[in-house]
Amino acid sequence: MTTANEPPVTSPSIVLLTLARRIESELNAALAPLDLTVSKLGLLGHISGVPGVSFSDLARMSGTTVQSVHGAVKALAAAGLVRDTTARAGSASAIELTADGTRLLRSAKEAVAVVDERLFGPAADPIQRQVADAVRAAFDGP
């Protein structure tokens, strides 16, 4: 608790949550013309990164349930973006992108780059640029 003379305590959790909500909103707006959401983009990205991935692995990577992944993948398959190369009873699924899915993912990456530039590029808020620099430093190799 702070008094009237002390600055408020800065909570990294609250700051990052606030920024994350703004990022998700901006990304969803940029992805809408492609008929994508952030969660669908995440699934396409995971499938692209791990061709032949199973439903249970997708659920783990997405932080969701297998049932949710089944529904989302079914919708992606109906749209012609993914296929299950072993879709038969009794065998594990192996999900991969189709050519259309690969093209859509490429377009989505371009939309994400525009949002990244707007939120974290040279003209962005200096604090947001610092956050982006910290993220890059944490995840880019030495």
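In helix α1, the residues Leu19, Leu27 and Leu31 are buried. These three cover an arc of only 100° around the axis, which puts them on the same side of α1. The model described here is a predicted one.

**More on α1**

- On the other side of α1, the exposed residues are Ile14, Thr18, Arg21 and Ala29.
- The cover over the buried residues of α1 includes α2, α5 and α6 (126–139).
- The length of α1 agrees with expectation: at 1.5 Å a residue, its 20 residues should span 28 Å, and its end C-alpha atoms are 27 Å apart.

**Leu16**

- Leu16 has its place in helix α1.
- With a relative accessible area of 47%, Leu16 is partly exposed; the limits for that class are 20% and 50%.
- Although Leu16 and Val131 are 115 residues apart in sequence, their C-alpha atoms are 9.1 Å apart in space.

**Helix α3**

- Helix α3 comprises residues 55–62, and its buried residues are Phe55, Leu58 and Ala59.
- Seen down the axis of α3, these buried residues fall within an arc of 100°, so they line one face of the helix.
- As background, an α-helix has 3.6 residues a turn, so residues three or four places apart point the same way.
- Just after α3 comes Gly63, which takes a positive phi of about 65°.

**The largest nonpolar core**

- The largest nonpolar core has 28 residues.
- Those with the most contacts inside this core are Leu44, Ile47, Leu58, Val73, Val82 and Ile95.
- Two or more residues of this core come from each of α1 (12–31), α2, α3, α4, β2 and α5 (99–120).
- The element that gives the most to this core is α5, with eight residues.
- Leu58, one of the residues with the most contacts inside the core, is also one of the buried residues of α3.

**Contacts of Val82**

- Which residues is Val82 in contact with, leaving aside its neighbours within four places in sequence?
- Val82 is in contact with Leu44, Ile47, Val73, Leu76, Ala77, Ile95, Glu96, Leu97 and Thr98.
- Among these partners of Val82, Leu44, Ile47, Val73 and Ile95 are also listed with the residues that have the most contacts inside the core.

Notes: Residues are numbered from 1 along each chain as its sequence is written. This is a predicted model: local features need pLDDT of at least 70, side-chain atom pairs count only at pLDDT 80 or more; totals for chains, interfaces and linings use all residues. Side-chain values use heavy atoms; hydrogens and water are left out. Buried means under 20% relative accessible area, exposed over 50%, partly exposed in between (1.4 Å probe, protein chains only). Helices (H or I, at least four residues) and strands (E, at least two) are DSSP runs, numbered from the N terminus. The arc is that of the directions from the helix axis to the C-beta atoms. A nonpolar core is a set of buried Ala, Val, Leu, Ile, Met, Phe, Trp, Tyr and Cys residues joined through side-chain atoms within 4.5 Å. Contact means heavy atoms within 4.5 Å. The expected span of a helix is 1.5 Å times one less than its number of residues.
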